[in-house]
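Please read the points below with the model open beside them.

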There are 2 protein chains.
Amino acid sequence: MFNKETEYALRGLVYVRVQQILGHKPGIIEIATEIDAPLFYTGKILQRLVKMGFLMSSKGKGGGFYFDLLKPDLPLKTIVEAIEGGKAYSGCGFGLKQCNDDNPCPLHEQYAPIRASIDKLVTLNTVQSLALNYKNGEDILLKL
Amino acid sequence: MFNKETEYALRGLVYVRVQQILGHKPGIIEIATEIDAPLFYTGKILQRLVKMGFLMSSKGKGGGFYFDLLKPDLPLKTIVEAIEGGKAYSGCGFGLKQCNDDNPCPLHEQYAPIRASIDKLVTLNTVQSLALNYKNGEDILLKL
DNA sequence: ATATTAAAAGACCTTTTGGTCTTTTAATAT
DNA sequence: ATATTAAAAGACCAAAAGGTCTTTTAATAT
Ligand code: FES
Ligand code: FES
């Protein structure tokens with residue numbers, strides 16, 4: 001569904017958010033370990049997220065990653081689009097240059113609703129909502 | 001949804017099937033042009049499909065690509081799995097090592113049904129059924 | 001001040017994906 | 001036989017994705 005970078009980003013962000021709820025500010029080593037992602041790559045990805053303004057960080061002793069709680073919830077779609085580009089799930093399933101109701105490819109009728117529900121999923125779910133699900137013990141987050 | 005190679009393969013196969021219905025046996029130049037795909041790459045992909053037994057070809061004058069009409073219909077899933085590997089849409093949306101109803105990631109509940117409908121789509125649709133749709137004028141196949 | 005801690009920056013590398021092109025092989029028509 | 005046609009084979013190349021590692025910068029504690 002998502003590429004590796006997006007996966008690590010999403011897992012990392014949700015992990016940080018859960019820890020923040022618990023009053024903890026994790027660093028890259030902890031995050032990478034807990035979400036079962038490559039250490040340095042995870043670090044690089046988190047830095048990018050900070051530079052893009054989705055996440056905050058502090059250096060030095062006691063440093064780590066955290067969220068600005070004043071900002072509004074962060075929909076998955078925002079992250080996915082920032083990482084994979086705006087047309088991540090907007091294209092035609094058959095690869096036609098444009099997807100068009102009036103000029104449908106052979107898959108359009110069946111694929112268009114699926115694509116719409118993916119869009120809904122990433123629009124409605126936010127890092128915060130997933131973190132709450134997790135914290136409530138409804139979901140697991142990591143490797144098995 | 002699919003990677004480029006799979007897209008070209010699907011478009012190419014459906015195109016060949018449509019032409020076969022019309023009593024024509026197209027070659028790579030025609031196919032690549034009509035499905036708006038890179039010429040040599042398309043050739044390579046079609047050759048692979050022939051070697052895998054999904055498609056037939058003949059060399060020399062009057063040669064081209066066609067289907068063995070005695071074979072059963074070819075589900076998209078078979079092609080996708082042959083090209084992208086078996087776990088194309090079986091994995092966890094969050095990237096966990098295994099997707100499990102009893103140990104769900106934060107996206108599982110919403111993503112699992114979507115994944116199931118993608119599976120249904122590629123299982124039920126075949127090259128032949130899409131070709132018929134196209135031939136009946138219900139769909140466009142190519143570029144615009 | 002300085003030692004320690006931890007993120008930021010960035011160079012570098014590997015694998016996969018996507019793509020191009022030339023040469024060879026096989027079929028057909030003359 | 002041979003010229004022509006068209007797929008098969010395979011070498012080669014470029015970009016993107018995925019990943020590693022070292023050096024630098026900034027914060028904190030002593
Ligand atoms: S035209 Fe192909 S999915 Fe809409
Ligand atoms: S556990 Fe993640 S989709 Fe099922």
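This is a predicted model: local features need pLDDT of at least 70, side-chain atom pairs count only at pLDDT 80 or more; totals for chains, interfaces and linings use all residues.

The numbered points that follow concern a helix contact and the aromatic pairs.

1. In chain B, helix α1 (residues 4-21) packs with helix α4 (residues 76-84) at an angle of about 145°, and their axes are 10 Å apart. The crossing of α1(B) and α4(B) is right-handed.

2. On the α1(B) side of this contact stand Glu5(B), Thr6(B), Ala9(B), Leu10(B) and Leu13(B), which meet Leu76(B), Ile79(B), Val80(B), Ile83(B) and Glu84(B) in α4(B). Sorted by class, the residues in the contact comprise seven nonpolar, one polar and two charged.

3. Over all chains, a search of the whole structure gives two aromatic pairs. In one of them, the ring centres of Tyr8(A) and Tyr41(A) are 5.9 Å apart and the planes stand at 85°, which is over 60 degrees and therefore makes the pair edge-to-face. Because Tyr8(A) belongs to helix α1 (residues 4-21) of chain A and Tyr41(A) to helix α3 (residues 39-51) of chain A, the pair ties together parts that are 33 residues apart in sequence. Tyr8(A) is buried, at a relative accessible area of 13%, while Tyr41(A), at 33%, is partly exposed.

4. In chain B, Tyr8(B) and Tyr41(B) also form an edge-to-face aromatic pair, with 5.9 Å from centre to centre and 85° between the planes. This pair links distant parts of the chain, with Tyr8(B) in helix α1 and Tyr41(B) in helix α3 (residues 39-51), 33 residues apart. Tyr8(B) has 13% relative accessibility and so counts as buried, whereas Tyr41(B), at 34%, counts as partly exposed.

How values were computed: Residues are numbered from 1 along each chain as its sequence is written. Chains are lettered from A and ligands numbered from 1 in the order in which they are written. Side-chain values use heavy atoms; hydrogens and water are left out. Axes are lines fitted to C-alpha atoms, for helices over the stretch in contact, and angles run from 0 to 180 degrees between N-to-C directions. Helices (H or I, at least four residues) and strands (E, at least two) are DSSP runs, numbered from the N terminus. A crossing is left-handed if the near helix is turned anticlockwise from the far one by less than a right angle, and right-handed if clockwise. Contact means heavy atoms within 4.5 Å. Ala, Val, Leu, Ile, Met, Phe, Trp, Tyr, Cys and Pro count as nonpolar, Asp, Glu, Lys and Arg as charged, and the others, Gly among them, as polar. Rings of Phe, Tyr and Trp (its six-membered ring) pair if their centres lie within 6.5 Å; planes under 30 degrees apart count as stacked, over 60 as edge-to-face and the rest as tilted. Buried means under 20% relative accessible area, exposed over 50%, partly exposed in between (1.4 Å probe, protein chains only).
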